[in-house]
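Student: I'd like to learn how to read a model feature by feature. Can we take helices, burial, cavities and backbone angles in turn?

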Amino acid sequence: MTTDNVQMWTDLNIDLKSHDMLLNALGPIFQEVYLSQKNRPAGMGFYDFVVGDIHGIRVKELREHAKTGGKVVATYCVFVPEELVWAAGAIPVGLCAGTQFSVPMAEEVLPRNTCALIKSSFGFKLGRVCPYVQASHLIVGETTCDGKKKMFEILNQYQPVYVMEVPNKKTERSRTLWHGEVVAFKDVIEKLTGNKITPKKLAEAIDLVNGRRVALQRLYNLRKVRPVPISGKDALLATQVSFYDDAARDTQMLNALCDELDKRVAAGQGVAPANAPRILISGSPMAIPNWKLHHLIESTGAIVVCEESCTGTRFFSDLVKPTPHNLDQQLTAIADRYMNIHCACFTPNDERPDDVVRLAKEYQVDGVIHYNLQFCHTYANEGHKMAERLEKEGIPMLRIETDYSDEDSGQLRTRIEAFLEMIKH
Ligand code: BJ8
């Protein structure tokens with residue numbers, strides 16, 4: 001911990017005592033979950049470095065940007081069109097919301113029966129332990145679920161929050177509403193930054209974000225190979241870092257990692273034996289540093305090869321379609337791309353089970369683990385339809401409902417081991 005960092009955190013009004021406790025807790029967890037893995041790609045060194053200095057270098061970059069009048073825009077959901085943020089010269093940052101550490105802080109205000117993701121993110125603000133929240137000029141929320149949208153009302157008492165209305169259906173009327181929300185968001189960002197979004201700037205931003213999506217697609221395609229050249233934990237970490245790292249650098253690092261994985265594939269080198277059970281996880285997102293389920297699964301010798309999740313395929317599967325450099329057409333292409341995210345907040349949402357069936361085949365999985373955060377009603381309810389659909393397709397599925405605490409780890413391990421025993425060839 002450098003004196004520079006401590007000064008920066010002080011300037012950001014961080015509660016240094018709690019913050020020390022948070023960082024001190026993260027180190028041993030990262031050691032156990034990540035650094036103890038064998039045979040990791042050298043390209044993961046970058047991600048280890050990023051986590052090792054998780055509240056240092058990147059926050060410093062955001063502060064430098066702010067010093068010259070630049071804005072930082074924080075988000076919680078993949079529905080927020082980051083292209084518009086980049087195009088206005090601001091920096092988007094996906095906020096961490098994956099630790100139990102900040103949950104008790106949030107429970108002083110929010111009901112306990114709220115999902116851990118909401119409590120964790122709100123607790124970061126209440127406890128003043130996240131420099132990314134502190135460094136942001138605007139937090140952009142969305143109306144994806146009731147817990148989040150009501151939390152944003154309270155969060156707004158602490159820091160400026162703007163909420164985008166995400167429709168609940170996929171009708172033409174809903175698409176029109178969403179298109180209007182994207183246009184309104186453009187105006188909000190222009191006002192925040194004082195910069196006009198031009199067709200040229202927006203085209204560059206579309207290319208930037210699409211470039212990162214293509215790199216993530218490349219990484220995931222490499223996970224389809226048997227034996228798989230990278231662990232699920234490492235692929236998850238690379239995806240999680242994409243939410244807050246600089247997009248151009250991130251794309252470069254992802255492609256460098258994939259170059260290395262290409263060589264591993266060519267040499268038939270994997271991180272697990274070719275016959276290790278292959279698992280697809282589907283459900284709620286896993287915000288950094290939520291590595292709990294992957295760690296449990298991979299500690300048993302199975303390997304996670306895909307996540308149908310917002311910290312997985314829902315984040316990057318679709319690109320914004322190329323259009324002429326014309327603002328109206330670009331905004332329509334952006335609205336269309338984001339409306340095609342198959343989040344459980346939609347009703348009906350039959351596309352999601354379709355996706356899981358397709359992915360299960362593409363990634364040659366032996367089973368699906370349906371993951372939902374406790375008190376997340378949208379994913380919990382959708383788990384029922386998912387189970388029916390996968391049963392019809394003959395794809396084994398295990399339902400896991402959990403939070404960020406370790407209290408149920410023993411019980412989960414037993415259930416996962418029993419599931420793996422059942423699906424073994
Ligand atoms: S697009 S999945 S990132 S909303 S887990 S807070 S839904 S109670 S996170 Fe999500 Fe956007 Fe959808 Fe993806 Fe609510 Fe459920 Fe908590 Fe959730």
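Tutor: The expected span of a helix is 1.5 Å times one less than its number of residues. This is a predicted model, where local features need pLDDT of at least 70, side-chain atom pairs count only at pLDDT 80 or more, and totals for chains, interfaces and linings use all residues. Residues are numbered from 1 along each chain as its sequence is written, and side-chain values use heavy atoms, with hydrogens and water left out.

Student: What does helix 10 reach from its first C-alpha to its last?

Tutor: Helix 10 has 22 residues and reaches 32 Å, close to the 32 Å expected. Just after helix 10 comes G194, with a positive phi of about 75°.

Student: And which of the residues in helix 10 are buried?

Tutor: Buried means under 20% relative accessible area, exposed means over 50%, and partly exposed is in between (1.4 Å probe, protein chains only). In helix 10, the buried set is S174, W178, E181, V182, F185, K186, I189, E190 and T193. For packing, read contact as heavy atoms within 4.5 Å. The buried residues of helix 10 pack against strand 1 (72-75), helix 5, strand 3 (138-142), strand 4 (161-164) and helix 16.

Student: What about helix 16 itself: what should its 13 residues span?

Tutor: At 1.5 Å a residue, helix 16 (residues 327-339) should span 18 Å, and its end C-alpha atoms are 18 Å apart, which agrees. Its buried residues are Q330, L331, A333, I334, A335, R337, Y338 and M339. They pack against helix 5 (82-87), helix 10 (172-193), helix 11 (199-222) and helix 15 (313-316).

Student: How do I read a core?

Tutor: In soluble globular proteins, nonpolar side chains tend to be buried together. A nonpolar core is a set of buried Ala, Val, Leu, Ile, Met, Phe, Trp, Tyr and Cys residues joined through side-chain atoms within 4.5 Å. Here the largest one has 144 residues, and L219 and L237 touch the most other members. Helix 11 gives the most to this core, with nine residues.

Student: Which residues is L237 in contact with, leaving aside its neighbours within four places in sequence?

Tutor: That list is F30, Y34, M44, Y47, D48, V51, I288 and W291. L237 is also one of the buried residues of helix 12. In helix 12 (residues 232-241), 10 of the 10 residues are buried, so it is largely enclosed by the rest of the structure.

Student: Next, empty space. How is that found?

Tutor: Rolling a probe the size of a water molecule over the atoms shows where empty space is left. On a 1 Å grid over the protein atoms alone, a cavity is a set of points where a 1.4 Å probe fits but cannot get out, and a pocket is an open set with protein on both sides within 12 Å along at least five of seven lines; lining residues have an atom within 4 Å of a point. Grid points are joined across faces, edges and corners, and a volume is the space filled by probe spheres set on the points.

Student: How many cavities of 30 Å³ or more are there?

Tutor: Two. The largest cavity has a volume of about 100 Å³, and its lining includes L22, H55, F124 and P289. Helix 2 supplies the largest share of that lining, three residues.

Student: And which residues are closest to the centre of the second largest pocket?

Tutor: That pocket has a volume of about 580 Å³. Of its 22 lining residues, I29, P289, K292, Y404 and D406 are the closest to the centre. Helix 2 gives the most to this lining, with six residues.

Student: Is S405 buried or exposed?

Tutor: At 9% relative accessibility, S405 counts as buried. It lies in the loop between strand 8 (397-402) and helix 19. Leaving aside its neighbours within four places in sequence, S405 is in contact with Q100 and K292.

Student: Last one: how do I read backbone angles?

Tutor: Most residues other than glycine have a negative phi, and most peptide bonds are trans. N13 has a positive phi, near 60°, and R128 has one near 50°. The peptide bond from R226 to P227 is cis, with omega near 0°, and the bond from T347 to P348 is cis with omega near -15°.

Notes:
Helices (H or I, at least four residues) and strands (E, at least two) are DSSP runs, numbered from the N terminus.
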